[in-house]
Amino acid sequence: MTPFIRKELRSLAIPAGLVLAATLVGAWAASGLVLFPRQHSWDLFALAWFLGTPLVAASSFGTEFHHRTMTLLLTQPVPRGRVWMEKWFCLVGVVSVLAVAQVVSVLVAVQEPSLKAESLWTVVVPGFRLTAVMFAVMIVCSAPLWTLLARSTIGGFVATSVMVMYVEATIGFLGWLSSRVVYWVTGTISAHAVFGLATPVADGVRAAYSLLTLWLGWRVFARFQTVGTGFFDGQSTDLTAARWAVLRPRRGGAIGNIVRKELMLHRPTFLVAAAFVAVWLALRLVLLLRTAAMGPASAADAADVLTGLLLLAYMPFVIALTGIMPAGEDCSLGVRTWHLTLPVSTRSQWAIKLVVSLVVGFVLVLVLPALLTATVADAGAVFFHAAPGDFFKPFAVIVVTGGIVLGFWASALLGDTVKAAVGIAVVAFALALVVLLGGSVGDLVGRRAHWFAEIVTGLNAPRGLLLRATGLELAVPVFITTGIVALWQSLVAFRQVQMARPTAVRMSLTLLAVAFVTALVGAACATAAWQVHFNM
Amino acid sequence: MSPSQPTPVIDVQSLSYAYGRTEAVRDLNLAVRAGRCHGLFGRNGAGKTTTMRCLLNLLRPRGGTVRVLGLDPAKDEVAIKHRIAFVPDTVAFYPWMTVRETLDYLASFRSHWNGTIETDLLKRFRLDGTRKAGALSKGQRTQLALVAAICPEPELLLLDEPTSGLDPIVRREFIQTVIGAYQDGDPGNRTILVSTHLIAEFEGLIDEFTILDAGRAVLTLEADQARERFQRIRARFPGAAPALQAGGALRVRCDGRDLDVLTAGPAEAVLEEIRRLAPEACSSEALSLEEVFVATLS
């Protein structure tokens, strides 16, 4: 193994490790050994795969931009063709390992009796072919192109994901069109007559997209110039150079200027949301056409796809982005130090950043999805039920707030957008594990300690609380306690321009300890109360 | 410091700071009087930037006390920042803002902003107000940062490697004209703390300096005193230069008939010693601050 390949594999190791961890946690959750609704293991598999694979693929070239090593790489006495091939084959190798892990985990999970329902089996297995093969092929082939054009990991990740969704929307539209042509010619209705989502012709389109983007990626790399700026730098494209006049700074009004500046820092988040809404509406149109051809059963499928995209792809990503961007981009741009020397207190700057992030987050992650969901709420989705009102329930608001605060915390601690993105993923999984562990231990404590049950009963807990807690129910108290601790820690970190690694590790461990204790106590109380209520 | 002396603009006592286990600043004492230009010299990693960051409350010291303009940076953060301006070693701005918008943005935080100086400096540095900050070169970004630091006419100007990336013409103009004019605007009240490697460029501007090494102050001196104390003596002999055993010599170098001696104290005794050896020619001259820096650290 050459040093270059070792370096390449090392740079992919962290995002790939995250995807692998999420997959294994999904399999663990499916095993029923932990206090976690088993059906949510599918959510973890989907999250890991649909968010993780593009992230891994974008990291291949993205790390060179992030560490500013592209110039160094291109000035080495190695042909660009060789650099490209070695990078790409490393990527293919890593994604192949992840695909195998995903397939094995899902196959293990579906052996569980509770998950072996016919509907799941029939949905999951055909989906395998699409997800584990074609999705991976499209991502691996197209990510280098989009990352080289975006000149950043996050930009490449977003562009790769969005373009794959566009391809799927196009295939769906062509499928509908072909079925209409067949109907006009033969007089019979068949949604997948020539060009359905799972036909060889559709796979051919996916393969063509993959080959085209792979070739274009190589062309871009072969002619790559280390000048200019990235997609999100505000001057490289017509899209980002658009006039955001209302957000231009003015000579007076310091606080107003900071708020405008913060909104400008969120511009990538707005662009991501706009791109997603465009894709979502395109898919909605395509699926509407399919439903018109195939009837109500297809409408439920469509609602599942669209709501699943919202809940599993859009919301987690935008929550993280909203939390990470304000502090992370200040550091990545290198303006944090001098901005803290301006005559506005550090605490005020921190508070403005946080409030703007929360407002942007609520608009993009609660209001916008609620509006989109309103169009598919009555379709009778099988797996993903979400009514517009669900987005404003306390649970959703607390989870979204907690997610944004954790993203903010990660960027304040790590001081860099990409590091914070990886950091928040690591912490999110660590939190999930800690909550599952704490919840499981708490459940055991609650079952065995009768004295504890008596204490809980003595508290006269409301009837609504007399239920055994699940992992998701524990999420509420955990998000509240960890959110408060994360807020305090983010203020401490924000004050320092350079956080020492031991301090960051200590803060992270404190956060996890708080989550563990909260989950333990919460689960123990809930289980004890449940036992007392049902006289067990 | 006696009670009759005015409070220093910067008063640092026993300052310590460490990044994890790496000590960046150790037991540092520093006092800068009003109206002075104080140089902070040191090798890379000597602790200059860390000291500046502690002054700005960007880092919380592990030990010691820091007073800026008589105030505690941790407690009176905003009050201090209203009266100072800072130019960091690596200058960056929001790439989507133009030069004009960047100055508008920074001016909005200040109660006072001298528009005449702004116009003058923009013209002098040939900075286009409509150009995006993201499209500026490194030197132009530094120029913009300097404009933004000078225009509020602060009482204290903190400059961390301010001339890195500037071309020689702009560098000379900045040091001799801009900084000079800034101090002349209110003599005796405008103070500068500058950390730099380009000591020769600031030679005529610096009133006093501190040399840092491994986080410690190894020498603090008035520039004029340094020139008096640090001397170079050159002598030429008819034959090979003899070995010299002089107590006050920092360094003695023999090169054929030439003898080169650096002194860090009264040079008369060394001069007398050399003259006793009957040289053909003998002369002494004051060291430049850069030579003092090199001599001190080597």
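Start with what is absent. Between domain 1 and domain 2 of chain B, the rule finds zero salt bridges. Keep in mind that this is a predicted model.

What about polar contacts? Two residue pairs are in polar contact between domain 1 of chain B and domain 2 of chain B, both at pLDDT 80 or more.

Now, which strands form the domain 1 side? Strands S3 (37-42), S8 (208-213) and S9 (216-222) of chain B each supply at least two of the residues there that touch domain 2 of chain B. S8(B) gives the most, with four residues. By type, the residues on that side of domain 1 of chain B are ten nonpolar, three charged and two polar.

Let me step back to the layout. Domain 1 of chain B comes in two segments, 10-92 and 154-222. Domain 2 of chain B runs over 230-297. Taken over C-alpha atoms, the centres of these two domains of chain B are 33 Å apart.

How many residues meet? On the domain 1 side of chain B, 15 residues are in contact with eight residues of domain 2 of chain B.

Next, area. About 940 Å² is buried between domain 1 and domain 2 of chain B. Carbon and sulfur atoms give 77% of that area. Which residues of domain 1 of chain B lose the most area to domain 2 of chain B? They are Ile199(B), Glu203(B) and Ile211(B). Together, these three make up 42% of what the domain 1 side buries.

That's the interface. Over to you.

Definitions and conventions. Residues are numbered from 1 along each chain as its sequence is written. Chains are lettered from A and ligands numbered from 1 in the order in which they are written. This is a predicted model: local features need pLDDT of at least 70, side-chain atom pairs count only at pLDDT 80 or more; totals for chains, interfaces and linings use all residues. Side-chain values use heavy atoms; hydrogens and water are left out. Domain bounds come from an automatic or database domain assignment. Contact means heavy atoms within 4.5 Å. Buried area is the accessible area (1.4 Å probe) that two parts lose on being put together, summed over both. A salt bridge is a side-chain nitrogen of Lys or Arg within 4 Å of a carboxyl oxygen of Asp or Glu. A polar contact is a pair of N or O atoms within 3.5 Å; within protein, one must be able to donate a hydrogen and the other to accept it, and residues adjacent in sequence count only if both atoms are side-chain atoms. Ala, Val, Leu, Ile, Met, Phe, Trp, Tyr, Cys and Pro count as nonpolar, Asp, Glu, Lys and Arg as charged, and the others, Gly among them, as polar.
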